[in-house]
Amino acid sequence: MIPLTTTLPNGLRIIHLPTDSQVAYCGFAVHAGARDEKENEHGLAHFVEHALFKGTHKRKAWHILNRMENVGGELNAYTTKESTFVYAIFMEKDFDRAVELLSDLIIHSQFPENELKKEYEVILDEIQSYEDTPSELIFDDFENMLFDGHPIGHHILGMKKTLKKFNTATCKSFLEQYYTAGNMVFFSMSNTDFKQVIKIAEKYISLIPRQKAPILREKPHLIQTLATSRKKKTHLSHVIMGSRAYDMHNNKRYPLFLLNNLLGGPGMNSRLNVVLREKKGWVYHVESNITSYTDTGVFSIYFGTDPKNREQAIGLVEKEITRLCVNKLTTTQLAAVKKQAVGQLGVAGDNKESLFLGLGKSFLHYNRYETLPEVFAKIEKITAEQMLETANEILHPAGLFRLVYE
């Protein structure tokens, strides 16, 4: 299916992907996240996302929760470093109901103080739970180290000392600044006729204020490669290694995607999993990841291991990375990597919620949606020379940062 797009008079962009399913999806993607908080606002973007569900002009929190639940639907939201998503999943016949509710949250949220007090405790518990999970916490600590305290490295959940400073006025100010027509997209996926989607959108979404918030983001400055360790009361030694990577507009992210998939991606046959788990038995889990932001990116490798095996495991990781930096992939190897990646993307594309969220993210940042066939075509064009060049630019052991919990 080919996505259909339009723009409302208030400047809000709409993208709709037709499907033949009776299950429908719609939501708002907001171009604002943890990176856009001021120094004394760490955690505000995530806090506002939570507090959107706590009351509007005409609904209390209980009514908001029941509005979709009563027809078997779901409401959800999440915050990233650069964006926020608020969306619903429901039966297609309830499309109007879902759009009306989501628009009410975006336009009329009141952030009542009594509800905010309860939400402080919920998020404080979330922070505590996160801090008690070193295999998750280390990723945020690593990004904060990698970007040397730059806003893009800040923890999305924020800090305890800033959370309790948030109040109704703080939340409304953030909402009014960023949740505007020029700073969002409305995205949907259903078998609803596109003309009907536009009609419903005009009925509710045209009320969203037009203005576009200025994006005052500074690109992270370069810093020297760093390796450090922190004492943690954990049985395992947790290790994360990595570097800055390509931003979301750089086409070199495609060769990096293949390298990441080959090295420590989701396949059990990834090189790091074979070496560290299958051959040595030193880790239960090892992974590599890439994240692309608007002006930078992150490549990382994570594993947890017994402290006595840590240095040997690090050595093996560096050995595998060096192989990719020195040895150009053969024609057969490159073909196999491409075949696996295309298959994995195809399987992942069958996850409807993931497909829907990808639709919103793509339109928010690129003003278009890249279909799977288009992605497959770009993958097929990647050469072994591009893979080697990318490996040396991003993966080379000499340029890797390292953080160890010991």
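**View 1. Lining of the largest pocket, by class.** The lining of the largest pocket holds 26 nonpolar, 15 polar and 9 charged residues (nonpolar: Ala, Val, Leu, Ile, Met, Phe, Trp, Tyr, Cys and Pro; charged: Asp, Glu, Lys and Arg; polar: the others, Gly among them). This is a predicted model, where local features need pLDDT of at least 70, side-chain atom pairs count only at pLDDT 80 or more, and totals for chains, interfaces and linings use all residues. Residues are numbered from 1 along each chain as its sequence is written, and side-chain values use heavy atoms, with hydrogens and water left out.

**View 2. Centre of the largest pocket.** Of the 50 lining residues, Ile-290, Thr-291, Ser-292, Gly-358 and Lys-361 lie nearest the centre. Elements giving two or more residues to this lining include β9 (283-292) and α13 (352-366), and α13 gives the most, with 9 residues. A pocket here is an open set of points on a 1 Å grid over the protein atoms alone, where a 1.4 Å probe fits, with protein on both sides within 12 Å along at least five of seven lines; lining residues have an atom within 4 Å of a point. Helices (H or I, at least four residues) and strands (E, at least two) are DSSP runs, numbered from the N terminus.

**View 3. The second largest pocket.** Its 19 lining residues include Leu-222, Ser-243, Arg-244, Ala-245 and Ile-394, which lie nearest the centre. Two or more lining residues come from each of β8 (237-245) and α15 (384-395).

**View 4. Asn-367, between α13 and α14.**
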